Structure formats: structure tokens, C-alpha cells
Amino acid sequence: MCSSDLEAKTITCAALLLAKDTFGGELQSHQEALICLADMLIQLFAMESAWLRAQQFTNTTKKDRATDLFELFLASAALRFNAAVRDLFEECGAEPSYLTLPRMNIAIKRQSFAAWLLDVEKYSL
């Protein structure tokens with residue numbers, strides 16, 4: 001399991017507790033908070049699923065490309081996850097959270113992957 005996945009699980013647990021403490025038994029009627037929690041869980045599932053898929057390629061010739069693609073996906077998912085965390089904290093009336101996943105330079109990863117696609121002629125201009 002990657003460290004970002006573990007951090008995301010920890011942050012999700014903290015967010016669930018925040019929502020429970022803020023809304024108590026009325027949480028089910030706070031749709032915006034539920035949407036934020038659902039978005040966090042969806043991104044968490046997607047990150048873990050991508051990591052597991054990348055692990056399938058660890059002993060193949062495609063390992064480097066699978067790792068690059070996983071890191072690109074992880075960076076994109078982390079942005080969506082962090083947005084959901086921020087929105088939940090706003091919905092709960094809490095201070096902006098230090099509980100976010102680290103930002104990665106997604107532009108460089110996208111450029112690298114695009115260059116590879118052009119090199120192997122899988123994507124034409």
C-alpha cells in the first residue's frame with residue numbers, strides 16, 4: 001500500500017468523525033456533507049484500485065510506464081480528494097484542514113506521459 005493511500009484513509013476517518021461530531025444524528029439530512037464524504041470515499045477507492053493495478057506490473061517490462069501512469073492518476077485523484085476534504089470542512093464550519101494529501105506536480109507527469117505516447121505512436125496529432 002502506498003503512503004498516500006494510508007494518509008487518505010486516515011484523513012477519511014478524521015472527516016467522518018468531524019461530520020458525525022458536527023451533525024450527529026442529523027447527518028443524513030446534510031446532503032452537501034454526504035456528497036463530500038462520498039467523493040472522498042470514491043477517490044480513496046480509485047487510488048487503492050490504481051495502486052493494486054500498478055502492482056500487477058511490478059515484475060514486467062511495463063513496470064516503469066505503469067508506475068508513471070499510477071503516479072499521474074494518484075496526483076489527479078489527490079486533487080479531487082483534497083477538494084472534497086476542503087468542502088467538507090467548510091460545510092461543517094471547521095477551520096481549513098491541514099489534513100490534505102501532498103500536492104504533486106501533475107503537469108510534468110502529464111507531459112512525460114504524453115511524450116511517451118507520441119514516441120510509441122499510440123496517439124497522433
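Helices here are DSSP runs (H or I, at least four residues; strands are E runs of at least two), numbered from the N terminus. This is a predicted model in which local features need pLDDT of at least 70 and side-chain atom pairs count only at pLDDT 80 or more, while totals for chains, interfaces and linings use all residues. Residues are numbered from 1 along each chain as its sequence is written, and side-chain values use heavy atoms, with hydrogens and water left out.

Q: Which helix gives the most to the lining of the largest pocket, and what makes this space a pocket?
A: Helix α3 gives the most, with five residues, and α2, α3 and α4 (106-119) each supply at least two residues of the lining. On a 1 Å grid over the protein atoms alone, a pocket is an open set of points with protein on both sides within 12 Å along at least five of seven lines, whereas a cavity is a set where a 1.4 Å probe fits but cannot get out; lining residues have an atom within 4 Å of a point. The largest pocket holds about 250 Å³ of space, a volume being the space filled by probe spheres set on points that are joined across faces, edges and corners.

Q: What makes up the lining of the largest pocket, by class?
A: The lining divides into nine nonpolar residues, no polar ones and three charged ones. Among the lining residues are Phe-57, Phe-70, Phe-73, Phe-113 and Trp-116, together with Arg-53, Lys-62 and Arg-65. Phe and Trp belong to the nonpolar class (Ala, Val, Leu, Ile, Met, Phe, Trp, Tyr, Cys and Pro), Arg and Lys belong to the charged class (Asp, Glu, Lys and Arg), and the others, Gly among them, count as polar.

Q: How many cavities of 30 Å³ or more does a search of the whole structure find, and which residues line the largest?
A: The search finds one cavity of 30 Å³ or more, and the largest cavity holds about 30 Å³ of space. Ala-75, Ala-78, Leu-79, Asn-82, Pro-102, Arg-103 and Met-104 line this cavity, and by class they are five nonpolar, one polar and one charged.

Q: Why is Asn-82 called buried, and what does this residue touch?
A: Buried means under 20% relative accessible area, exposed over 50% and partly exposed in between (1.4 Å probe, protein chains only). Asn-82 has 12% relative accessibility and therefore counts as buried. This residue of helix α3 is in contact (heavy atoms within 4.5 Å) with Thr-100 and Leu-101, leaving aside its neighbours within four places in sequence.

Q: What makes Lys-20 exposed, but Leu-16 partly exposed?
A: Lys-20, in helix α1, has 51% relative accessibility, so it counts as exposed. Leu-16 also lies in helix α1, but its value of 39% falls between the two limits, so it counts as partly exposed.

Q: How do you know that the structure holds zero disulfides?
A: A disulfide is a pair of cysteine sulfur atoms within 2.5 Å. The sulfur of Cys-36 has its closest cysteine sulfur in Cys-92, at 8.1 Å, which is too far for a bond. The count of disulfides is zero.

Q: Why are Cys-36 and Cys-92 called buried?
A: Cys-36 has 7% relative accessibility and so counts as buried, and Cys-92, with a relative accessible area of 12%, is buried too. Cys-36 is found in helix α2 and, leaving aside neighbours within four places in sequence, it is in contact with Ala-84, Asp-87 and Leu-88.

Q: What makes a set of residues a nonpolar core, and which residues of the largest one have the most contacts inside it?
A: A nonpolar core is a set of buried Ala, Val, Leu, Ile, Met, Phe, Trp, Tyr and Cys residues joined through side-chain atoms within 4.5 Å. The largest core here has 27 residues, and those with the most contacts inside it are Leu-37, Met-40, Met-47, Phe-81, Leu-88 and Leu-101. Helices α1 (3-23), α2 (31-55) and α3 (63-91) each supply at least two residues of this core.
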